[in-house]
Amino acid sequence: MSLAKPYPNLTATEKILLNSIVEGDLVRGSRIGIKAHQTLGHDLNAIMTFLALESMGIEKVDTEVSVQYIDHNMIQADYKNADDHRYLREITSRLGVICARPGSGICHQLHLEHFGRPGKTLIGGDSHTVAAGGIGMFSIGVGGFDAAMAMAGKPLYITMPRIVKVNLVGKLPQLVSAKNIILEVLRRLTVKGGVGKVLEYCGPGVATLNVAERSIIANMGAETGATTSVFPSDAETRKWLAAYGREEQWVALEADAGAVYDEEMTIDLSRLEPLIALPSQPDKVVPVREVAGKKIDQVMLGSCTNTALGDVLAIANALKDRFVSPDVDVSFYPSTRTVIRESIRRGAYDQILTAGVRMFEPICGGCNGCGFAPGTEGVSLRTTPRNFEGRSGTKSAHVYLCAPETAVASALTGVITDPRALDIPDFAYELPDKFIDPGNLFNYPKLEGTDEIHYGPNIKPIPKMPPLEDQLNKPVLLKLPDNITTDHICPAGAIYLPIRSNIPEISRHSFNVVDESYSERAKASDGGILVAGTNYGQGSSREQAAIVPRYLGVKAVIARGFARLHLANMVNWGLLPLVFRSEQDYAAVEQGDLLEIDTSDLKEAEPVRVWNRTSGSSFYVDTPLVQADLDAIKVGGRINTVK
Ligand code: F3S
């Protein structure tokens, strides 16, 4: 990769950014604009993206590659999802976007197989877009509106992250696979520890991991709050590209010897043991042995993190000549059709089927509550990246996150089991030199002519956001704790996901896992203010989590802190974020208090006074935004600035 002269001693992250930065400079903590080489989207979030592109009058996307996947919302119990899929097929063809056929594979894995390129920038309408860091991309998850802007060729503005050197040394022991590395990172950093940072992996341990394994780690880096994760591009990356017939797309990428990092951590892979995240946060990580013996009801193998070829073969290896426990319902969601076909060729599918596992198509399915919800109070072990309350589809479920080896060992015994306690044969595998021909996975855009676009009755127009009033005088509708997720604000699950593009309908279910009366109360009081702890809005990229409160009349969220992606969505949709200055100020506000805020002249870096008319006190809060973002909020969000 050729570099501009005045930039010596660069990290791998900075080398990629140099190729896509269009505004600002590589100064950490400064605001920069980057242009996407590639974009990706999936059916759940992209309806809003394409509606935005249509309303902007965009006729063709302006990227090297844009790909639309259909993998999230797959249950066709009525017309809604089928209508969405048809709209996506038609609109992508019109705008020059490649569209994966439904069920071709889970977006992040499919992208890694066919489009991911080292040294490039990928902007995707999904928080786990960061999985492409495994192939040496700077990949970042955004909300649907920012995805639309990226597809239109507009820059994405981010704060140039601080860069953490994650030095991997040693080699993983048998039955301790890559998932345990990111669980260890989460144990150390927590769900807030990566905020404002890139996790850049290096060290001799990297060469022991293939691209799919690196992608597991990069994917779940999202759970630390990190902007993204980046791996070098090396011989393993080249091997991966060659296996998918794309070796000519390989470029080397690594940090300079004198690269400057903001923080460092070292993980000795040889000392890791099987780890597990307890319900209902991915950072509540303990060794499996500490919870071994707990009875389980369900195991879900799969998701974008854990069903690449190596995972499937490891699962088959553990299940060979065994049956899963009669007390445990076990499902398997493979990552892509190519992985399925290669696994069949190697006999792995037969071993998994014979053991008594339910086989699903290569989609998100159970991971987002669409197909494999646990029973009431069910204990479910999953290889997915998230275990937030209600995400599985069952509010009362107890979801643990672990590596496939732990999940499959537990499926065999019926209790949480350290896989090293079972007599599982040693396992190793190699990628094929070349995967079998991928077959019919993608629809390519038509070169000329545009067929009619069909909008199902469930696809409603984007709601209009009114400007922010100069004076807010509203009650606190909810007082929320730390780590409120987008799943809390706008629920996942088979009932709710199909109505995600229907804001009036989905808004009726907002915060239903917290307080079922919330949306009614919001309407009755003509909106209000939300108060929350740290890391408000963590989790997925779904912009509906910003749109729905605004639609219900909520004008501001005062929190101890915000997740990066959600903060961007709030700016796009005109929801004012304000940050408490102290724990005491947060503690002093009660649900139902009447707050008064003068928002007539919001200024970057200037505090805002909040009057609590119920308690008769006042406190100051900060605005975590630059002036351009505050101005956008005043007019009802960035959505109103580009129309
Ligand atoms: Fe899909 Fe779950 Fe990954 S919803 S993209 S498999 S986190």
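Visitor: Is Leu-175 buried or exposed?
Guide: In this predicted model, local features need pLDDT of at least 70, side-chain atom pairs count only at pLDDT 80 or more, and totals for chains, interfaces and linings use all residues. Residues are numbered from 1 along each chain as its sequence is written. A residue is buried if 20 or more other C-beta atoms, placed from the backbone, lie within 10 Å of its own, exposed if 12 or fewer, and partly exposed in between. Because Leu-175 has 22 C-beta neighbours inside 10 Å, Leu-175 counts as buried.

Visitor: What is the phi of Leu-175?
Guide: Leu-175 sits in the loop between strand S9 (162-169) and helix H6, where helices (H or I, at least four residues) and strands (E, at least two) are DSSP runs numbered from the N terminus. Most residues other than glycine have a negative phi. Leu-175, a residue other than glycine, has a positive phi, near 70 degrees.

Visitor: Is Asp-526 buried or exposed?
Guide: Asp-526 belongs to the loop between helix H15 (518-524) and strand S22 (528-532), and its phi is positive, about 55 degrees, although Asp-526 is not a glycine. Because Asp-526 has 10 C-beta neighbours inside 10 Å, Asp-526 counts as exposed.

Visitor: Which helix do the buried residues of H8 pack against?
Guide: Helix H8 (residues 235-243) has Glu-236, Thr-237, Trp-240, Leu-241 and Ala-243 buried. Seen down the axis of H8, these residues fall within an arc of 160 degrees, taken from the directions from the helix axis to the C-beta atoms, so they line one face of the helix. Two residues are in contact if their C-beta atoms, placed from the backbone, lie within 7 Å, and the buried residues of H8 pack against helix H7 (211-220).

Visitor: Which helix gives the most to the side of domain 1 that touches domain 2?
Guide: Domain bounds come from an automatic or database domain assignment, and the C-alpha centres of domain 1 and domain 2 lie 24 Å apart. The contact takes 32 residues from domain 1 and 33 residues from domain 2. Helix H4 (107-114), helix H6 (179-189) and H7 each supply at least two residues of the domain 1 side, and the helix that gives the most, with six residues, is H6.
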